[in-house]
Amino acid sequence: MALTVFKLNGQFLDVAEGLARPVGLTAAHWQVLGAVLKAPLPVAGIARDMGITRQAVQRIADILVEKGMAEYLPNPAHRRAKLVAPTERGREAVQRIGPAHAAFADRLCEALGEDRASDVHRRLQELSDALERLERNEDRA
């Protein structure tokens, strides 16, 4: 299962790179910006939500801030752990990916069939949920 998921992750990253590149982003930039579109988050929160290291998120956030696509905001819950938020430029970049992303998703769903695509999504979510439960149980042990 893990090897298949590793391969699938690589395939999705290749697709994401192709979708993000025309708007001047990488897949990693898109991933971090996407994590904070609804609400600003600290670097550690983004890392936890995205399943990547805090150090990787920090590096990407710094790049996005340098490019004017994100900004650091004060965090009322923690003086040193600033919140990462998209700027208008960052939001616009993600929005420009939208049409190509939607077209790719439509092609993928068509290739699988709508019912099967929905089932695959549900099963992947179940797998992710099961892994999170295992992780929580290991943390308690």
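In helix H6, Asp 119 and Arg 123 are four residues apart, a separation of about one helical turn. In this predicted model, the two residues form a salt bridge, with their closest N and O atoms 3.4 Å apart.

Arg 123, in turn, pairs with Glu 126, the closest N and O atoms being 3.8 Å apart. These two residues likewise lie in helix H6, three residues and about one turn from each other. The count of salt bridges comes to three, and Asp 119, Arg 122, Arg 123 and Glu 126 are linked by such bridges in a network. As for solvent accessibility, Asp 119 is partly exposed, at a relative accessible area of 24%. Arg 122 is partly exposed as well, at 41%, and so is Glu 126, at 40%.

Turning to helix packing, helix H3 (residues 43-50) and helix H4 (residues 54-66) have axes that come within 8 Å and cross at roughly 115°. The crossing of H3 and H4 is right-handed. On the H3 side, the contact is made by Val 43, Ala 44, Ile 46 and Ala 47, which meet Arg 54, Val 57 and Gln 58 of H4.

Key. Residues are numbered from 1 along each chain as its sequence is written. This is a predicted model: local features need pLDDT of at least 70, side-chain atom pairs count only at pLDDT 80 or more; totals for chains, interfaces and linings use all residues. Side-chain values use heavy atoms; hydrogens and water are left out. Axes are lines fitted to C-alpha atoms, for helices over the stretch in contact, and angles run from 0 to 180 degrees between N-to-C directions. A crossing is left-handed if the near helix is turned anticlockwise from the far one by less than a right angle, and right-handed if clockwise. Contact means heavy atoms within 4.5 Å. A salt bridge is a side-chain nitrogen of Lys or Arg within 4 Å of a carboxyl oxygen of Asp or Glu. Buried means under 20% relative accessible area, exposed over 50%, partly exposed in between (1.4 Å probe, protein chains only).
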